[in-house]
Amino acid sequence: MIKTIVVDNDALIRDIVQKILEDNSQIELIHKAEDGFDALEYLEINKVDLVLLDIGMPRINGIEVLQKIKNLYPHIKVIMLTSCKDKEIVLKCLNLGADGYLSKDIDCEGIIDAILRVYDGEMVTFPKVSELIKEDMDYVRKQIEENTKSQKLTKRELQVMSLISKGMSNKAIAKHLEISDKTVKNHVSSILRKLSLNDRTQIAVYTLSNNIF
């Protein structure tokens, strides 16, 4: 049995997930957490194989919960189950180690299939989610294949790329690296020029594609 918990501040969603999973012989829903703190407290004292995790929650959002889970319990599989379809958020979650990213409009069979596949070691994203970043991924893949990097990236530029892929703003990057906002902006412009990319999302995709962390 795949011991699973669902984390969502919406009681209706928690109940729907319970209804979907209750008759499955391979998956056992052992806890319904109303927020991230509830989930993290539960994980401290219980064995869990997989977490279905929402993003937009009060007190502590799903991205922060994902990061904590992957830092503290790297063996636990995490599938983001959310209505958020922002490209940068999708990339940030995947960069932080999410094993799947599903839209809440997925059907019942889709949720069950995703849990089984992720538990077996696959990465699963619902097609509508994949479409969000497909254009950027295709473009970046082409850039990599054509080897358009005419100049070497500096160590600082690689640091900036890594932080962008984690969803940090220029201001947050400047504070983290102890440099000015203007300097960060210059680094971003240089990265875009050197790699022939168009925007920050494509920088994040490039970073993930090349394992730049």
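Modeller: The discussion below concerns a predicted model.

Biologist: Then the sheet, please. What is the order of the strands, and is the pairing parallel or antiparallel?

Modeller: The sheet is open and has six strands in the order 2-1-3-4-5-6, with parallel pairing.

Biologist: Which strands stand at the edges?

Modeller: Strand 2 (27-33) and strand 6 (124-125) do. Each has a single partner strand, so one side of each is left without a neighbour in the sheet.

Biologist: How many bridges join strand 1 and strand 3?

Modeller: Strand 1 (residues 2-7) pairs with strand 3 (residues 50-53) over four bridges, in the parallel sense. Within that pairing, V6 has L52 of strand 3 as its bridge partner.

Biologist: Which strands does helix 1 touch?

Modeller: Helix 1 (residues 11-21) packs on the sheet and touches strand 1, strand 2, strand 3 and strand 4 (77-82). The direction of helix 1 makes about 170 degrees with that of strand 2.

Biologist: And helix 5, what does that touch?

Modeller: Helix 5 (residues 108-119) also packs on the sheet, with contacts to strand 1, strand 2, strand 3, strand 4, strand 5 (100-103) and strand 6. Its direction makes about 155 degrees with that of strand 4.

Biologist: Changing topic: where is D38, and which residues does it touch?

Modeller: D38 lies in helix 2 (residues 36-45). Leaving aside residues up to four places away in sequence, D38 touches H31, K32 and A33. The C-alpha atoms of D38 and V7 are separated by 8.3 Å, although the two residues are 31 residues apart along the chain.

Biologist: Now helix 7 and helix 9. At what angle do their axes cross?

Modeller: The axes of helix 7 (155-165) and helix 9 (residues 181-195) come within 10 Å and cross at roughly 95 degrees. The two helices are therefore roughly perpendicular to each other.

Biologist: Which residues make the contact?

Modeller: Helix 7 contributes R156, E157, V160, M161 and I164, while helix 9 contributes H187, V188, S190, I191, K194 and L195. By class, the contact has six nonpolar, two polar and three charged residues.

Biologist: Finally, how many cavities of 30 Å³ or more are there?

Modeller: The count is one, and the largest cavity has a volume of about 60 Å³.

Biologist: What lines it?

Modeller: The lining consists of E88, L91, K92, I164, S165, G167, M168, R200, T201 and A204. Helix 4 (87-95), helix 7 and helix 10 (200-209) each supply at least two of the lining residues. By class, four are nonpolar, three polar and three charged.

Key:
Residues are numbered from 1 along each chain as its sequence is written. This is a predicted model: local features need pLDDT of at least 70, side-chain atom pairs count only at pLDDT 80 or more; totals for chains, interfaces and linings use all residues. Side-chain values use heavy atoms; hydrogens and water are left out. On a 1 Å grid over the protein atoms alone, a cavity is a set of points where a 1.4 Å probe fits but cannot get out, and a pocket is an open set with protein on both sides within 12 Å along at least five of seven lines; lining residues have an atom within 4 Å of a point. Grid points are joined across faces, edges and corners, and a volume is the space filled by probe spheres set on the points. Ala, Val, Leu, Ile, Met, Phe, Trp, Tyr, Cys and Pro count as nonpolar, Asp, Glu, Lys and Arg as charged, and the others, Gly among them, as polar. Axes are lines fitted to C-alpha atoms, for helices over the stretch in contact, and angles run from 0 to 180 degrees between N-to-C directions. Angles under 35 degrees count as roughly parallel, over 145 as roughly antiparallel, 65 to 115 as roughly perpendicular and the rest as oblique. Contact means heavy atoms within 4.5 Å. Two strands pair if DSSP finds at least two bridges between them.
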